[in-house]
Amino acid sequence: MLILHCPNCGVDADETELAPGGQAHLKRFGPGSSDEDFHDYLFARENPRGVHFERWRHAHGCGKWFHAARDTATLEVFATYSAQTTEPPQAVLDAIAARRPGWTWRHES
Amino acid sequence: MSTRIAAHGRLIDRAKSVGFTFNGKPMRGYAGDTLASALLAGDQMVMGRSYKYHRPRGAVASGAEEPNALMGLGEGAKFEPNQRATTTELFEGLTARSQNHWPGLEFDVGAVNGRLSRFLPAGFYYKMFIHPRAFWKHVYEPVIRQAAGLGRVPGGRDADTYEHFHCFTDVLVIGGGVAGLQAARSAAASGASVLVLEQSAHWGGRAPVDGGTVDGAGADDFVRETVAELEAMPNVTLRNRCMGAGVYDHGYALGYERLTDHAPRAGGPRHRLWRIRARRIVTATGAIERPLAFAGNDVPGVMLASAMRDYLVNWAVAPGRRVIVATNNDDAYRTAITLKTSGIDVLRILDARSSGGGALMQEARALGIRIDCGRAIGRVSGGKRVRSVAVCAQEGTGGALEEVECDAVAMSGGWSPVVHLWSHCGGKLIWDEARAHFRPDPERPPRGADGEGFVIPAGAANGELALNGILGDADEAGKTAARGAGFKPARSKAPRGETVEEAPLQPVWLMPRHADAHLRAKAWLDYQNDVKVSDVRLAAQEGYHSVEHTKRYTTLGMATDQGKLSNINGLATLADAIGSEIPQVGTTTFRPPYTPISMGAIAGEARGAIFQPVRRTPMHGWHEANGADWEPVGQWRRPYTYLRDGESQHDAVMREVRNTRQAVGLLDASTLGKLLVKGPDAGRFLDMLYTNMMSTLKPGKCRYGLMCSENGFLIDDGVVARIDEHTFLCHTTTGGAERIHAHMEEWLQTEWWDWQVHVANLTEQFAQVAVVGPDARKLLERLGGMDLSAGAMAFMEWRDGRIAEFDARVYRISFSGELSFEVAVPASQGLAFWEALMDAGREFGVMPYGTEALHVMRAEKGFIMIGDETDGTVIPQDLGLGWAISKKKEDYLGKRAQARPHMTDPTRWKLVGLETVDGAVLPDGAYALAEGVNANGQRNVQGRVTSTYMSPTLGRGIAMGLVLNGPDRMGEVLEFPGTDGKTYQARIVDQVFYDKDGEKQNV
Amino acid sequence: MSEPVSALKGASFDGLAHVEECGLQGMITLRGALSARAVQKAATVASGASLPDANRANMAGEGGLCWMSPDELLILCPYPRAAETVETMRKTLGKTHALAVNVSDARAMFRVSGGAAREVLAKLCPVDLSPAAFGPGQFRRTRMAQIAAAIWMEDDESFGIVCFRSVAEYAFNLLKAAAQPGSAVGVFAARPGAISGD
């Protein structure tokens, strides 16, 4: 039973107020995209033991979507942040790096 | 003899006698008794039969860890099985029944299992019942089901009520013993809000029984003063009879409050489930004494030494008159001393340690108690109660040195911290060699959202067993919790506890150490599940070296015990058998709840009328009063049909269809989703959401649209009305309103957040009535108001206006093929509008119709229904809806997916109409046969029925289905086997059965 | 003229707290950028109340203004005036990108009042309703058992609750169950001065 801070309304929301939305920061591929890109967009998902970026909706609350950066093993929440972004903001990446030295975004070097 | 004594009895009120019955026999106890103490006081030693061997069993413990004394309590609608007699508070009129025997507790036929026990070893059921295969279903399972199970399932509906309560606190303290109270005090001094839960009715835990002083005063005084101090603090809440049942992610915890179990006539809810969020949780859950594993350690009268002390001190009950104490530590001497000073004979203290104990041993010896060091119990004899004990050397194989007659045995194998709540959410344990127990590993706590440990063990639960250590540890735990919750702990010193210094214990996992196979087969590890030392050794011998596998193979520590009594002895036995060390073997997983909680508490208020929400339209009550036969659609209830006196469901549907096609019918369409989409980018947005073009729709017009997921599959359909340049009203299916609203918000918020569009869900703002049939216009004109002539409002147009005195928006759309107007009025006037239509329609023979008539009529017209023709794998192209898919648009949700090879495969089944050769109705969901069989030997298929009805209009069965190359095979006859054994023959036809040119809706 | 009726026509119940359906209540959803002048003006003029901060509601006489989300306000006004108020708001909003729509009939409103009102709500909502954490002026959208609801405190002993009209009967039955006699929890009453860790 997680509790996540909704960055849209500022409420610390009980998991029963929230609806999960799967992996965050997917890039949409539409008409004209390759079969491989489209396949990955639809079906390929990360399943890490550790740092993960997720989409959540404060469904029984302000109704807004947000993103959460969280450790799937320890349930530590590094940050919750706006859903109107295509990748984690630097402040979020910094917050994770401070707690998980050596970790990098999408395995970039 | 087990009797009440004159001394002690701190929890009972001898002035208040309480009557109860046990197996129908009237008995008496005192206010303050538990059921177990009252039974023992009445010399009722046998309290149940064991699960597997049906051996007579008595109480071995005095609290939540009791494995044997499980009973059925109450009667009828108040009956509940498997309640612990040791935690059941006595009240006037209590009725208890023992379990697991037939015909009676004293004589039980099932006890034959005990004599056959050597044929029922670990894994017996797995080994025995695997062959022959067919026997399982027809012979073994029915027989085992009959014999298995603990307690009786309640028959009636539960007469009690239950509820939840959400509670937020800075610090939650679980356990109201001296550790919990001191931790609460030090946490509360910081200003943090503190909630303290105690499972029993009394504060103070074991300390008042065990003795010792706190800051020079008795433990009882310390408890009383601390409780009073906490009660006076505005930031502290104390709850007894409330068990900390489980600890979960992010500081979530469950408290199980038993409100009326001890006072069933009090009224109000029986149990309350506390749903707690705490920043920090202190587990001051104490420790549980371990039994010793010796032969006959389950004979009634053999008891944990601490339990025997509890019965004496708390309830003035002596479970025997001539007692033998067996121990490997100093604490059991307290029991011997208490017995002796209460006038009970203590025949021997058998101390497994060759050098014995410390100061407590001296005290016992000074009282004249005989103490034999290096001695053990070889076996206990007796059936329904202890008769004698064979004394032997601990370092031997069990050869008896003497046989001593006695009527009770107190045993102590040392103490294990209650680590359950620490472990529930992932806290890890370390093995404490000196104290021979697992305790919480401070380096590996369960972690919260901030990455820090959020559970802090305190006192005995943290491995501190002496009073002073407990108080100091608890004081620090309270401060740590307050700090973790963001408060500054007050500067204060822990109270000073004083108790007698104790000598170290010596681990004893089997008594005597080299007990032979015969003795091992009678030495119980898990009373509740009837697991013995021999079972665990057998499991080890057969290769079950993992403790988790051994647990499941032998059932050690399963069910309600959750390892409370059996855990350490069991895994020590396993370690010994496989030649490993205890820390390497490790423990099994502790799962919540700590002790079982009622199903009612979990359900809370959600039962009866509020089991789940039922959504009601403004006309719901009218439907109810006029014969509605309900159909659940999402959380709505919609009339399936309106039954008249003596009419069958089928006849009612046929009547409603005929009347609507020939005269006029009314449908409550209020449940259809109505989503208002507004903004400069609304048209562009809807072009992405629908497969067809919506941005070109003119204000005042309507268009039918299809919505797909990114996977390309059809998810919803409905009519879109353009209100003005920037505003559209999108109708969804009844079940789709919330889902499609969320779908729109998701795309707007997470993908196209720079588009200027707002969405509002207006589904419930309007009551909507479909007025359908050749007389529909006449009916509305009778009410008067706006011009609804064909010239004023063409098919697929909408207008605002007034009908009679109602503000109305009228959509001229048709899902039946008839002349049809869907009229939306404010929900608060929905019922009045409906009644006005019924009144005005009387002369035209108006009738309401339900969802089934709606389905029949749409199928006659060949219209698809989401959920019938679609099932999450169907794309619009499969349904011949290519006309509703824009070729001009570059993109819409699902377009790319519909270009995937699987989606463009010409062999995808396509929608057609199906007409039985003999006019019968095809079975729903039936498959069309094809030649040959597949790899599994199943008949190949080439299509299936998606909708099928009796059409009163055509006087025959009609259907739609998805068929391989269907549209190219008009006139072909397919075979559909039904589950009724018949095979139906149906011809592929056009799916529009009625008014193919659409003349009727266009008048 | 047919009289408009609310979902439960003012039904009420007395238990631990007084529970009543409030009858018809004018409600207008306003979506738009809350920083936009026109949006602010439309909202404040329509309700007669000042613009609330996040998670708050401002009441003024028969009107009120509730913060629903970063781009949504709920305007409370007398029921008979809702339709004309929406028209006025639309004029005020002009060409500003915003949505104002009458939702009075889509909702039901309840009042729970009395000393145990906090407890009654805390049985149903996963929200900290202790006096230190929630008081008059605050507004919270949440879950009430199995339905969506918005709650706020009118004074220290009474809550306003809004839910969808179709589930009004469920909501009323829920509140009645939570307020059943003999089910007092006694937590908030016992600690009026509780200190929050925030």
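Predicted model: local features only at pLDDT ≥ 70, side-chain atom pairs only at ≥ 80, totals over all residues.
In what order do the five strands of the open sheet in chain B lie?

**View 1. The open sheet of chain B.** The five strands follow one another in the order β3-β2-β8-β6-β7, and the pairing among these strands of chain B is mixed. At the edges stand β3, which covers residues 25-31, and β7, which covers residues 80-84 of chain B, and each of these edge strands pairs on one side only. From one strand to the next, the twist averages 40°. Strands of a sheet pair through backbone hydrogen bonds, and this pairing can be either parallel or antiparallel.

View 2. Strand β2 of chain B, made up of residues 13-22, runs antiparallel to β3(B), and seven bridges join the two. One of the bridge partners to look for is Ala31(B) in β3(B), which is paired with Asp13(B), while Phe22(B) stands opposite Lys25(B), a residue that also belongs to β3(B). Between the two strands of this hairpin lie two residues, and in the turn Asn23(B) has a positive phi of about 50°.

**View 3. Helices α14(B) and α16(B) packed against each other.** Helix α14, residues 533-541 of chain B, packs against helix α16, residues 567-577 of chain B, at an angle of about 45°, and their axes are 9 Å apart. Because of this angle, α14(B) is oblique to α16(B). The crossing in which α14(B) passes α16(B) is right-handed. On the side of α14(B), the contact is made by Val533(B), Val536(B), Arg537(B) and Ala540(B), and these meet Gly570(B), Thr573(B), Leu574(B), Asp576(B) and Ala577(B) of α16(B). Sorted by class, the residues of this contact between α14(B) and α16(B) comprise five nonpolar, two polar and two charged ones.

**View 4. The contact between chain A and chain C.** Here the area buried between chain A and chain C is about 980 Å², and carbon and sulfur atoms give 49% of this area. Eleven residues of chain A and 15 residues of chain C take part in the contact. Within chain A, the residues that lose the most area to chain C are Glu17(A), His60(A) and Lys64(A), which together account for 42% of what that side buries.

How values were computed:
Residues numbered from 1 in each chain as written. Chains lettered and ligands numbered in written order. Heavy atoms only, no water. Pairing = 2+ DSSP bridges. Helix = DSSP H or I, 4+ residues; strand = E, 2+ residues; numbered from the N terminus. Axes fitted to C-alpha atoms, helices over the stretch in contact; angles between N-to-C directions. Parallel < 35°, antiparallel > 145°, perpendicular 65-115°, else oblique. Left-handed = near helix turned anticlockwise from the far one by under 90°. Contact = heavy atoms within 4.5 Å. Nonpolar A, V, L, I, M, F, W, Y, C, P; charged D, E, K, R; others polar. Buried area = accessible area lost by both parts, 1.4 Å probe.
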